[in-house]
Amino acid sequence: MRSRRRRKEFLYTRQEERAVIRKLDKYLVGGLAVLYMLSFLDRSNIGNAKIAGMNEDLELRGDRYEWLLTAFYITYIFFQWMTLCWKVFPAHKYVACVVVGWGVVASLQALSINWASLVLLRAALGIFEAAFGSGVPFYLSLFYRREELALRTGLFVSAAPLATAYAGFLAYAITSIPSAIAPWRLLFLLEGFPSLIAGFCAYYFIPDSPADAGFLNRDQKKIARRRLLIVRDDEEDTGTVTGYEEGRGLRWNEVWKAFGDAGNWITAFIFALSNVSFASMPVFLPTIINEMDLGVNSSPAHAQALSVPPYIFALAITLLTTWLSDRYRSRSVPLFILCSISAFGYSLLALSGLLHKSLTTLSSDIADIDYLGIILAAGSIFAIVSLAITWNGNNSETESGRGTGMAIQQALGQCGPLLGTRLYPQSQAPEYIQGSLTCAGCMILVGLLVVFQRWRLVRENRRREMLDKRDAGMEGDGKTRRRRFRYML
């Protein structure tokens, strides 16, 4: 039994802390992952709708389909500042309104009468999804310590490949249903409606802060709050308190300071280049597979089914690499390895396109190379995005600075899809050499930026270590000095 004095100081064990983390993983991350899965499903199912009859019904000639994708990302970029809304408004009310909003808009796509009406709905969808997905990694940082964030961000982002795989199965099932409603309209309707239900549920299960988490008891709420202030536990589990809670609202001096941090801009460029591939893969994959020479009596439904395995592989790779990243407290090493794999995958796609142009008799072998390239590219890009987002948030010392840094990363990073959504025009079918080479080049640039950012942070950490050693030698002056913040590599 603890004494009254120890209870007042509120000490806790590692076992009690792990119990809190398990509940956060189950209820918080699990709930957010479901919402993001619905979000990504409503965003990317346009690729499935295209080959389910939408192309013909709405007369998507020329680059009209690419403009549908671009319309979404234009508003998605301009509303990235809404990441800071997570710091200002109660999360449960904010999330509920946003989710219901995109659910309504996603369902209304089924009523599109022409290309222009669908463009407007895609733009509205971009506003609501910008208000949600971009701010979730920051929101998670209010509940988890920085060495725990990669896996939790990975769990959250993994809902994207899961949604895409689910979209393939669902699209296959829906397009096979005999109905008086066009299959693509039914697809938008049935995939948008669940978000409406989820939005009302979010009002009750999304906590505003660790202190408001209804799935934690009173002592667990105290643990959840206190553990965020601890950088390193000692052998007796009392820990070293190195921070404090900011509370709701923004500290504007930290906001402006974040704009001057070069690290925020470097990780923003990493994210932007990664997003070129991240945005293009889900919306074009069904089309790319549909136009591959598979050596069978292929059909749109067959292409929907073949789009599933690459995303199942992506889910496994994302969870594995983010877990290893947290385990060894390294972001740059797994990022560089994943970039190399992705660049190789896209290079295979480009190579198969070149072979298809010159050696048409090897079509079945070329299709195998195509599919391998797709698996490698899709399998790595989701993990790259997860780690890039986490790396940015890990290296801000304050909540306001972290929120601003993530807003900068998202605003600049979401410019990548403006290019990514136009990389695979119908005029370049079925080889799509230019799009594959562009994505491969982006991945190579990401790898170079990762190396540069790591070099910067290593140099700064060494400088801070020297200053700490200097201060340690001055302890006799009676001043108490706190260990300086260290950047995660």
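Visitor: Is Arg331 buried or exposed?

Guide: Let's begin with the general idea: a residue counts as buried when its relative accessible area is under 20%. Arg331 has a relative accessible area of 0%, so Arg331 is buried. Please keep in mind that this is a predicted model.

Visitor: Which residue does Arg331 meet in a salt bridge?

Guide: To read a salt bridge, look for a side-chain nitrogen of Lys or Arg within 4 Å of a carboxyl oxygen of Asp or Glu. Here the side chain of Arg331 meets that of Asp326, with 3.0 Å from N to O. Asp326 has 10% relative accessibility and therefore counts as buried.

Visitor: What about Ser330, where does that residue lie?

Guide: Ser330 is in the loop between helix H16 (308–328) and helix H17 (332–358). With a relative accessible area of 13%, Ser330 is buried. If you set aside the neighbours within four places in sequence, Ser330 is in contact with Ser325, Arg454 and Leu489.

Visitor: Now the whole chain, please. How many helices and strands does the protein chain have?

Guide: There are 21 helices and zero strands in the protein chain. Of its 489 residues, 56% are buried. Looking at contacts with a separation of 6 or more, 81% are between residues 24 or more positions apart.

Visitor: How many salt bridges does a search of the whole structure find?

Guide: The search finds eleven salt bridges. One of them pairs Arg145 with Glu17, whose closest N and O atoms are 3.5 Å apart. This pair links distant parts of the chain, 128 residues apart: Arg145 sits in the loop between helix H8 (136–140) and helix H9 (149–157), while Glu17 belongs to helix H2 (residues 14–44).

Visitor: Why do Arg145 and Glu17 count as buried?

Guide: Go back to the cut-off of under 20%. Arg145 counts as buried because its relative accessibility is 11%, and Glu17 counts as buried because its value is 6%.

Visitor: Which helix holds both Arg464 and Glu460?

Guide: Both lie in helix H21 (residues 433–472), four residues apart, which is about one turn of the helix. Arg464 counts as buried, at 12% relative accessibility. Elsewhere, salt bridges that share partners join Glu17, Arg145, Glu147, Glu148, Arg227 and Arg329 into one network.

Visitor: How do I read a pair of helices, and at what angle do the axes of H2 and H11 cross?

Guide: Compare the directions of the two axes: an angle over 145 degrees counts as roughly antiparallel. The axes of H2 and helix H11 (residues 183–205) come within 10 Å and cross at roughly 155°, so H2 and H11 are roughly antiparallel to each other. Their crossing is left-handed.

Visitor: Which residues of H2 and H11 meet?

Guide: On the H2 side you will find Tyr27, Gly31, Leu35, Leu38, Leu41 and Asp42. They meet Glu191, Gly192, Pro194, Ser195, Ala198, Ala202 and Phe205 in H11. By class, this contact has eight nonpolar, three polar and two charged residues.

Visitor: One last stop: in which helix is Thr318, and which residues is Thr318 in contact with?

Guide: You can find Thr318 in helix H16. At 0% relative accessibility, Thr318 counts as buried. Apart from neighbours within four places in sequence, Thr318 is in contact with Gly154, Ser158, Phe382, Ala383 and Ser386.

Definitions and conventions:
Residues are numbered from 1 along each chain as its sequence is written. This is a predicted model: local features need pLDDT of at least 70, side-chain atom pairs count only at pLDDT 80 or more; totals for chains, interfaces and linings use all residues. Side-chain values use heavy atoms; hydrogens and water are left out. Helices (H or I, at least four residues) and strands (E, at least two) are DSSP runs, numbered from the N terminus. Buried means under 20% relative accessible area, exposed over 50%, partly exposed in between (1.4 Å probe, protein chains only). Contact means heavy atoms within 4.5 Å. Axes are lines fitted to C-alpha atoms, for helices over the stretch in contact, and angles run from 0 to 180 degrees between N-to-C directions. Angles under 35 degrees count as roughly parallel, over 145 as roughly antiparallel, 65 to 115 as roughly perpendicular and the rest as oblique. A crossing is left-handed if the near helix is turned anticlockwise from the far one by less than a right angle, and right-handed if clockwise. Ala, Val, Leu, Ile, Met, Phe, Trp, Tyr, Cys and Pro count as nonpolar, Asp, Glu, Lys and Arg as charged, and the others, Gly among them, as polar.
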